[in-house]
Number of protein chains: 4
Amino acid sequence: MVIVMNLSATAEEIREVQQRLEQAGFQAHFIRGVKRLVIGAVGNRSAIDSLALEAMPGVERVIPIMKPYKLVSREAKGKSSVVRVGNATFGANRLAVIAGPCAVESEEQLLEAARRVRAAGACMLRGGAFKPRTSLYSFQGLGVEGLKLLAAASSVTGLPTVTEVVDEASLELAVEYVDMLQVGARNMQNFSLLRAVGRSGKPVLLKRGFSATIDEWLMAAEYIVAEGNENVVLCERGIRTFEKATRNTLDLSAVPLVKRLSHLPVVVDPSHATGNRHLVTPMSLAAVAAEADGLLIEVHPQPSQALCDGPQSLSPDEFDILMGQLQRIATAVGRSA
Amino acid sequence: MVIVMNLSATAEEIREVQQRLEQAGFQAHFIRGVKRLVIGAVGNRSAIDSLALEAMPGVERVIPIMKPYKLVSREAKGKSSVVRVGNATFGANRLAVIAGPCAVESEEQLLEAARRVRAAGACMLRGGAFKPRTSLYSFQGLGVEGLKLLAAASSVTGLPTVTEVVDEASLELAVEYVDMLQVGARNMQNFSLLRAVGRSGKPVLLKRGFSATIDEWLMAAEYIVAEGNENVVLCERGIRTFEKATRNTLDLSAVPLVKRLSHLPVVVDPSHATGNRHLVTPMSLAAVAAEADGLLIEVHPQPSQALCDGPQSLSPDEFDILMGQLQRIATAVGRSA
Amino acid sequence: MVIVMNLSATAEEIREVQQRLEQAGFQAHFIRGVKRLVIGAVGNRSAIDSLALEAMPGVERVIPIMKPYKLVSREAKGKSSVVRVGNATFGANRLAVIAGPCAVESEEQLLEAARRVRAAGACMLRGGAFKPRTSLYSFQGLGVEGLKLLAAASSVTGLPTVTEVVDEASLELAVEYVDMLQVGARNMQNFSLLRAVGRSGKPVLLKRGFSATIDEWLMAAEYIVAEGNENVVLCERGIRTFEKATRNTLDLSAVPLVKRLSHLPVVVDPSHATGNRHLVTPMSLAAVAAEADGLLIEVHPQPSQALCDGPQSLSPDEFDILMGQLQRIATAVGRSA
Amino acid sequence: MVIVMNLSATAEEIREVQQRLEQAGFQAHFIRGVKRLVIGAVGNRSAIDSLALEAMPGVERVIPIMKPYKLVSREAKGKSSVVRVGNATFGANRLAVIAGPCAVESEEQLLEAARRVRAAGACMLRGGAFKPRTSLYSFQGLGVEGLKLLAAASSVTGLPTVTEVVDEASLELAVEYVDMLQVGARNMQNFSLLRAVGRSGKPVLLKRGFSATIDEWLMAAEYIVAEGNENVVLCERGIRTFEKATRNTLDLSAVPLVKRLSHLPVVVDPSHATGNRHLVTPMSLAAVAAEADGLLIEVHPQPSQALCDGPQSLSPDEFDILMGQLQRIATAVGRSA
């Protein structure tokens, strides 16, 4: 940690900063610049947060040197993590494709989707039962009925399933019926929920908040892993920017960057990121070229009838074509699909 | 609602859009432009969300005309709402100042803060007991002990209190001890929590999410009001932008704009918005000049000892000076403090 | 400057960084942390830019400590600058209101605007002759004819004038006819133009680019001042964010912050920032409460006939009312209008 | 165009809107909704900009239906454009790789870079002679000397060259020495410069402004094409967002989207977008997978000695490896390199 004192910091103020550092077990190194004093503090990163140095008189700014997460950092582990959910594998140089409808709407819709995505090569079925919707007046999901349909579709097709949980109640239900829990973008900093999914023991798909920095995303994952649950897969799904031509801006650079910073696998959701089915295919291919460990793709038997996110859903036929193209890209980058 | 068909839309596609509209009770008006067909659909706004027109073949885009919220809209009510919490009044041309520490740390700290802000003219005491923290390693709040200290400080000073709730568990505790519930920026789209605070019957302070649009903010308020709880006060607290010289970018234009769009009172939190105590005073004055119904200001007996948000907390002496300046601005804009 | 070496930096890499620093006249101080080596470099800030340390093997990141601008920094000058243009004064605890139409359209329009804003208390007339327009198909300004009309309106009313210049050609013409040159948001990093207005000797109104950080804005001002022209007034006019309910997001916190960082006067343009005449008045009052040295307000004799920016233009009657309200706020914050 | 009248619009106000529309040659169609009147106006898009309807009393908002650009739109041309510069081809299902140093620094540096990128398969040499630098104190380029070195490197290697122009003066010089002119991100809305490069007759590489929407980018291209110069190649180079872990956020979805909206070729600059050499390779591969017609990559013989952008520059050896990987991706997506 580096503490920059302001131009008019007094000797007394400097002494007080030094004292607080030393009391917390840090060593203080002084560097006198042309105009300013800079203090280098050497010690344990996790003690920094309670030092509150920035509010001390004479302090201009505090610059942390170490990353604020530990358990999920690449430094914490010798190698990349592999998360297994049924037959699906995230990491280990494989390409995992999760597919299915935005929301579970009916037995017929879900089964049709499940059969088709399985036939095309997907390794996991997605489907929302508890939908967090911006508008109170939008379809809110089938709830526990949706979970039962997911379990049924899983037993028919053999695909493991993932669904979003939004609070303690939905979590308690979901653990009974599905194989992996999704924490959605809007709940990425719902720390109670992060702790609860951590304790659940189920693998977790953690979406990046649409305005979360990469550091905040990894710190959210830290909450889950700190509960003893290491089976966390990160999912980039677009960030909010000034550009409105797409629903969000897919931050694909985040994929190779996060893989340098963390040992966790990273998948990409081009459907929510773009909100536009015409962009789902090129962005899926791009994601794999950019080192993603997998994809999360919305597929609906009849997108024009979808109760949720129809404009960004692929039809099963479109998904078939995409999977063929993905195969070629995966081979080109030495990945097995 | 206006539906723009794409250049190559077929007669069949147009007919299907028309049918879906008419089945949902809308009338379809056709406007043939030089190149495109535009369909004006007249009917009930709340039926739109389930139409899913954007995913229909031939549809290029769907432009809603009416606002997506109803209960909180200015049109829904003849006049501005007034929310009363104990002796504090939000709205009615008054200026309500909520003040207190970011986090409740100890009885001594809270009581000292409460006494000083009360003496300076604040009408409500704030203090966090359940702190949602980006880092797992930061101070997480005193929990129910903090709530008890808030209740004690309230009985000593007579000030009503507000504290943040983060989940069902903290909500159940908080309703026993405080007068107003805060939903924080990170939970603005935690719809379970919005419904729960709505059902609680307590007045609610709803912070704008740091990346929420104004429409999303008002739709979040709609979730609360739809539970029968009209006592909602909105709080602008800065949005996330590319500019990092301040913690967030205070979107002060949102204040007069929201007051045109909604009947709910709006207050401003310059402490979290700027993250810099030197900017709290000018931004407080600016907020009142911009028609805010009140302010939420962090005050700590010793900012340099604060466990949370010290750099943006005012000392009691600084708060005294601010309150004097606010009085003059309030008078200049015809507001009673 | 602080250089953070990465975890696997070799002794050789460290030695090379040290050598490059010392060859450039810096002293290197080593701080060995628990995991990383941090190097504090003491020397002349302006030499940093050519060091290119970040690309050296073993270097993880370089953190500058000093601000990248010098001439415009508050540290460079004992007191706040005052810029005088005719009878208009920016700074010195006065409130300078520049007003007039977005674009000069005709003699009649400009004269009517000039007379009315003068009568209401404005101290400078604005009007665009060379309009940088996003669309090739929008009104592009009257060019030199517009400049002549500005000069005529000035001689009738006695108001000094300001107009935007967009290139060398418009600059050469403008210096003949107006008193102050405006560099618009889109040209804030047009460094050739910045140098040219610097050399012109005329006072300059430098708008913040709509995506410029505060540091970049001040570095742009540095280009002008470095040509020997100290008469620079900064103008905050809104930044581009995800929020589209207003044309831009007025970053009012930038005003008191820039006044701490720089000695230059700062004015606010609430018209372009909000794009909405209903918000111009509250944001004007807020700007003055937030320590702005002045305002730039679009006033058109008939906003509904304006060829440019009608929706955000005040009518002369609306401007009269605003000026009355401003007077009261100015008095409340101890400013003379 | 659709005009939404506000709730309290009077019959008189509606009549005036109708009159203005009809005088401008539009037909007005009235759609009476449950609460509001909506007017559909049918006519020529380019006449809209001067209508100024949004400022008329009773008008709430004006929604354009047609795109604001014409010449560059996909609808304007039956097929995708192909731009040829010497032996380099942009479009036509080929993959064009431009490479070279950020800035021309010396004959030795440039020649070494040119030889190596040519040997690796690049089809054009880049190098900056006039550098627009945020800081006045950074290296500003060699000017005309740099142009001469580019011409010399071109005659040795046979590679055509591209360099950035920043004003009329640099443009006049550059046309003598290089084959393609680059308009940089900061000048994307420098309309004088756009017109001037349009008139120059040279092919133009138009970078997206770092805060420009896709519509604004295409409107900027429209300025060039309107001068009769159809040889425009668009370059996505990252946008400014809240995320600071990368220099900018590469908006890769913009590539397939722009290719749907416009007939112009699109290339990607992963070097400036990410600012991090470790991300250049994955983002280059991703760009090609996402349908980019080419890449612009910074290569420096010794990145750690670069006067500009060293941290994002590849060494010639790294570039060799990238070109091998690109070949495999290009083949996988049916593109010839």
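Author: Buried means under 20% relative accessible area, exposed over 50%, and partly exposed in between (1.4 Å probe, protein chains only). This is a predicted model, where local features need pLDDT of at least 70, side-chain atom pairs count only at pLDDT 80 or more, and totals for chains, interfaces and linings use all residues. Residues are numbered from 1 along each chain as its sequence is written, chains are lettered from A and ligands numbered from 1 in the order in which they are written, and side-chain values use heavy atoms, with hydrogens and water left out.

Reader: What makes both faces of β3(D) covered?

Author: On one side, Leu37(D), Ile39(D) and Ala41(D) are buried. On the other, Val38(D), Gly40(D) and Val42(D) are buried too. Six of the six residues of β3(D) are buried, so each is under 20% relative accessible area.

Reader: What joins β1(D) to β3(D)?

Author: Three bridges do, and the strands run antiparallel. Three meets the cut-off of at least two, so this is a pair as well. Ile3(D) stands opposite Ile39(D).

Reader: Why is the link between Glu75(B) and Arg36(D) called a salt bridge?

Author: The rule asks for a side-chain nitrogen of Lys or Arg within 4 Å of a carboxyl oxygen of Asp or Glu. Here N to O is 2.7 Å, so the pair qualifies. Chain D and chain B have three salt bridges between them.

Reader: What makes the salt bridge of Glu216(B) and Arg240(A) count?

Author: The distance is 2.6 Å, N to O, which is within 4 Å, so it counts. Between chain A and chain B there are two salt bridges.

Reader: How many residues of chain A are in contact with chain B?

Author: Contact means heavy atoms within 4.5 Å. By that rule, 45 residues of chain A touch 45 residues of chain B. Between chain D and chain B, 24 residues from each take part.

Technical notes:
Helices (H or I, at least four residues) and strands (E, at least two) are DSSP runs, numbered from the N terminus.
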